[in-house]
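Please examine the sequence and the structure shown below before reading further.

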Amino acid sequence: TSIIVTIPHQTLLTGLGTATTSTGDTITAGQARRLACQAAILPAILDGDSEVLDLGRTQRFFKGPLRKALDLRDTECTTRGCHVPAAYCHGHHYRQPWAHGGTTSLKDGKLLCPFHHHRAHHPNWDTHHHPDGTTTYTRRH
């Protein structure tokens, strides 16, 4: 089981403040420190170049480091007004569906909760991806 805890480095060092888990829960810095003592620590260096985050057509599903990067970037379902935490969301190929030649990459992926992921693929709905990374849907007439 993997739980991603997001916490500023200074907060982790001082023990003052809070952290957020990939399930959307808030824990104290002290709780995060105790978890860190009993876990394998995987530091997430945001905007770094140390992980392969573009798998092209070699892998369909968003797994491993790529999935962790999606979780850290999006934190929850990208649909406007939906706040389902990242841990409960699906990775969605939003620029071009996998079935139509889409690639599995951070650039071409976003998080959607199961409800909105089904809507994104439903023929009665148009999906709109906005420049800020959010998603909305309109019913087709």
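Does Arg80 count as buried, partly exposed or exposed? At 45% relative accessibility, Arg80 counts as partly exposed; buried means under 20% relative accessible area, exposed means over 50%, and partly exposed lies in between, with a 1.4 Å probe and protein chains only. The model is predicted, so local features need pLDDT of at least 70 and side-chain atom pairs count only at pLDDT 80 or more, whereas totals for chains, interfaces and linings use all residues. Residues are numbered from 1 along each chain as its sequence is written, and side-chain values use heavy atoms, with hydrogens and water left out.

Arg80 forms a salt bridge with Asp132, and the closest N and O atoms are 3.7 Å apart. A salt bridge here is a side-chain nitrogen of Lys or Arg within 4 Å of a carboxyl oxygen of Asp or Glu. Asp132 lies in the loop between S6 and S7, and Arg80 in the loop between H3 and strand S4 (90-93), so the pair ties together parts that are 52 residues apart in sequence. Asp132 is exposed, with a relative accessible area of 54%. The whole structure contains five salt bridges. Another of them joins Arg95 to Asp108, with the closest N and O atoms 2.8 Å apart. In this pair, Arg95 counts as exposed at 51% relative accessibility, while Asp108 counts as buried at 12%.

The overall fold may now be considered. The protein chain has four helices and seven strands; these are DSSP runs, numbered from the N terminus, with helices (H or I) of at least four residues and strands (E) of at least two. Along the sequence, their pattern is β-α-β-β-α-α-β-β-α-β-β. Of the 141 residues in the protein chain, 31% count as buried.

Two strands pair if DSSP finds at least two bridges between them. Strand S1 (residues 5-6) pairs with S2 in the antiparallel sense over two bridges, and Thr6 stands opposite Thr20 in S2. On its other partner, strand S3 (residues 26-28), S2 is joined by three bridges, again antiparallel, with Ala19 opposite Ile27. S2 and S3 form a hairpin with four residues between them, and Gly24 in the turn has a positive phi of about 90°.

Strand S6 (residues 125-129) runs antiparallel to strand S7 (residues 135-139), and five bridges join them. Asp126 has Thr138 in S7 as its bridge partner. Five residues lie between these strands, and Gly133 takes a positive phi near 95°.

Leu70 counts as buried at 0% relative accessibility. Beyond residues up to four places away in sequence, Leu70 touches several residues, including Phe62, Gly91 and Leu106, where contact means heavy atoms within 4.5 Å. The C-alpha atoms of Leu70 and Gly91 are separated by 7.7 Å, although these residues are 21 residues apart along the chain.

Finally, the structure holds zero disulfides, a disulfide being a pair of cysteine sulfur atoms within 2.5 Å. Cys77 is in no disulfide, and the nearest cysteine sulfur, that of Cys82, is 3.8 Å away. Cys77 is buried, with a relative accessible area of 3%, and Cys82 is buried at 12%.
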